Amino acid sequence: PVMTDTKANFVSIQKKLTYALPAFSLAVVGIPVYVYLPKFYTDVVGIDLVSLGYILFSVRIFDALTDPAIGYLSDRTQTSYGRRRPYIALGSLFVAASMYFLFNPPAASTAVETVWFAVFIYALFLFWTVVAVPYESLGPEITFDYNDRTSLFAMRDGFLIAGTLAAASSPAIIQWLFNLSADADGERVKFFWISVLYAPLIIATCWWCVLAVKEVPRPGMDKQVTFWQGLRQVMRNRPFVILLVAYTISAIGNNLPATLILFYVQYVLESDLADLFLLVYFATGILFLPGWIWVSRKTGKKFAWLASMVMNTGAFIGVFFLGPGDVLAYGILVFLSGIGFGATLAIPSAIQADVIDYDELLTGERREGQYIGLWSIAKKMAAALGVGIGLSVLGFAGYTPNVEQSEQVRLTLRTLYALVPSVCNILAFGIALTYPISRRIHKDIRLAIALRHDGQSVNNPLKPSQILA
């Protein structure tokens with residue numbers, strides 16, 4: 001069935017909350033794994049740093065390959081429970097188990113510990129993809145209403161931000177709550193409690209979502225379309241290409257500050273308040289998300305997305321000009337930049353749902369999984385480039401840990417932390433200006449889909465001279 005009546009397709013706050021909650025718990029497969037776990041395995045468990053580096057590099061490549069593959073499979077899965085929910089339900093059990101084993105390695109030889117890390121980091125990322133790609137693919141099917149989608153994805157990405165903040169804080173909170181020592185035994189207990197808290201939370205939130213959010217029945221996919229043919233069809237979707245390129249360029253820039261904030265605050269501002277500034281940035285992003293939903297409802301998603309980029313970037317340019325002691329000015333700029341932060345995540349997700357509708361008009365199929373898989377690759381590539389570029393350039397500039405940095409290093413830090421991200425967002429802004437789907441055109445797309453399902457020929461709303469039979 002195709003929904004064209006927006007009132008009939010309106011989603012309750014309770015249903016949006018149910019869908020959004022897994023984003024909070026799944027955020028644990030983020031900062032604890034990327035930031036804290038490598039140091040735990042080298043300093044506490046005792047595996048070789050080079051071996052760990054090779055494993056982490058290879059698992060990133062593996063992760064990039066599994067994203068589109070799982071998306072493709074979930075698009076073509078037909079069960080009485082739907083296409084997405086079986087993956088989310090079963091995958092969450094394996095995510096929880098993999099995380100528990102990864103966070104609780106046995107006391108054994110270095111070789112055994114290395115194999116243990118490799119097996120369970122691969123398992124964690126595989127099963128996280130098995131859950132995350134179908135979970136994100138479920139979102140565009142929940143509502144086809146132009147405005148309601150913005151609200152849905154804002155809530156999901158708001159919980160993602162909150163979950164990231166909670167996951168980043170959890171090691172310090174657990175250490176404080178249990179008065180743990182900073183030695184190896186204390187570190188092992190810390191990761192034990194993180195796994196014990198998060199494993200059931202992942203299962204509970206995913207299963208609640210699966211049981212409460214029903215899927216719209218879909219006809220079988222065209223089994224003759226191969227993965228690569230489908231990929232070519234996706235890349236012919238011009239609105240999606242515009243969205244993907246603009247988002248990726250912006251994300252590359254935005255990952256540089258995430259990588260370099262600890263360096264910038266310590267060596268440029270000469271402050272130890274980096275954790276406080278991160279809290280301000282994340283909290284501000286969540287706090288102002290309802291306002292961006294209102295802006296999007298009044299002006300359309302494209303304008304709201306562009307405005308959030310301007311807000312996020314405009315304030316951040318000023319960070320380049322700060323120096324030692326400018327803590328208050330930096331805090332104000334972080335707050336102003338954070339106003340647009342949440343919207344730069346949520347609104348592109350809502351826009352993506354609209355370009356998937358356009359793909360349905362062109363192909364007659366719902367292929368959220370393939371789109372989400374490509375989107376996930378772009379996000380991970382942007383994160384990898386942000387880390388790789390930021391740390392490599394800083395190293396070439398002459399950075400030396402735990403000493404006063406040269407003027408050249410501080411200039412490099414200011415440039416990478418503030419100017420390069422701003423330039424990336426300006427480029428992304430220029431590309432996003434060409435995005436063509438407005439509220440009116442999206443309504444035309446949904447109507448055309450309904451007419452095509454009835455067997456009628458329609459005009460392509462983005463190419464009126466093109467007849468779609």
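In this presentation, a residue is called buried when its relative accessible area is under 20%, exposed when the area is over 50%, and partly exposed in between, using a 1.4 Å probe and protein chains only. Leu374, at 14% relative accessibility, therefore counts as buried.

The model is predicted, so local features need pLDDT of at least 70 and side-chain atom pairs count only at pLDDT 80 or more, while totals for chains, interfaces and linings use all residues. Residues are numbered from 1 along each chain as its sequence is written, and side-chain values use heavy atoms, with hydrogens and water left out.

Leu374 belongs to helix α14, residues 368-396. Helices are DSSP runs of H or I with at least four residues, strands are runs of E with at least two, and both are numbered from the N terminus. Leaving aside residues up to four places away in sequence, Leu374 touches Leu231, Val234, Met235, Phe240 and Leu244; contact here means heavy atoms within 4.5 Å. Pro105 lies 269 residues from Leu374 in sequence, and their C-alpha atoms are 33 Å apart.

I turn now to the second largest pocket, which holds about 290 Å³ of space. Fifteen is written 15 in its residue count: of the 15 lining residues, Arg236, Asn237, Tyr358, Leu362 and Lys463 are the closest to its centre. On a 1 Å grid over the protein atoms alone, a pocket is an open set of points with protein on both sides within 12 Å along at least five of seven lines, whereas a cavity is a set where a 1.4 Å probe fits but cannot get out; lining residues have an atom within 4 Å of a point. Points are joined across faces, edges and corners, and the volume is the space filled by probe spheres set on them.

Which element gives the largest share of this lining? It is α13, with four residues. At least two residues each come from α9 (238-267), α13 (327-363) and β2 (463-468).

Strand β2 also pairs with β1, residues 458-460, in the antiparallel sense over three bridges; pairing requires at least two DSSP bridges between two strands. Lys463 in β2 is the bridge partner of Asn460, and two residues separate the strands of this hairpin.

Finally, the cysteines. The structure holds zero disulfides, a disulfide being a pair of cysteine sulfur atoms within 2.5 Å. Cys209 is buried, with a relative accessible area of 0%, and Cys424 counts as buried at 13%.
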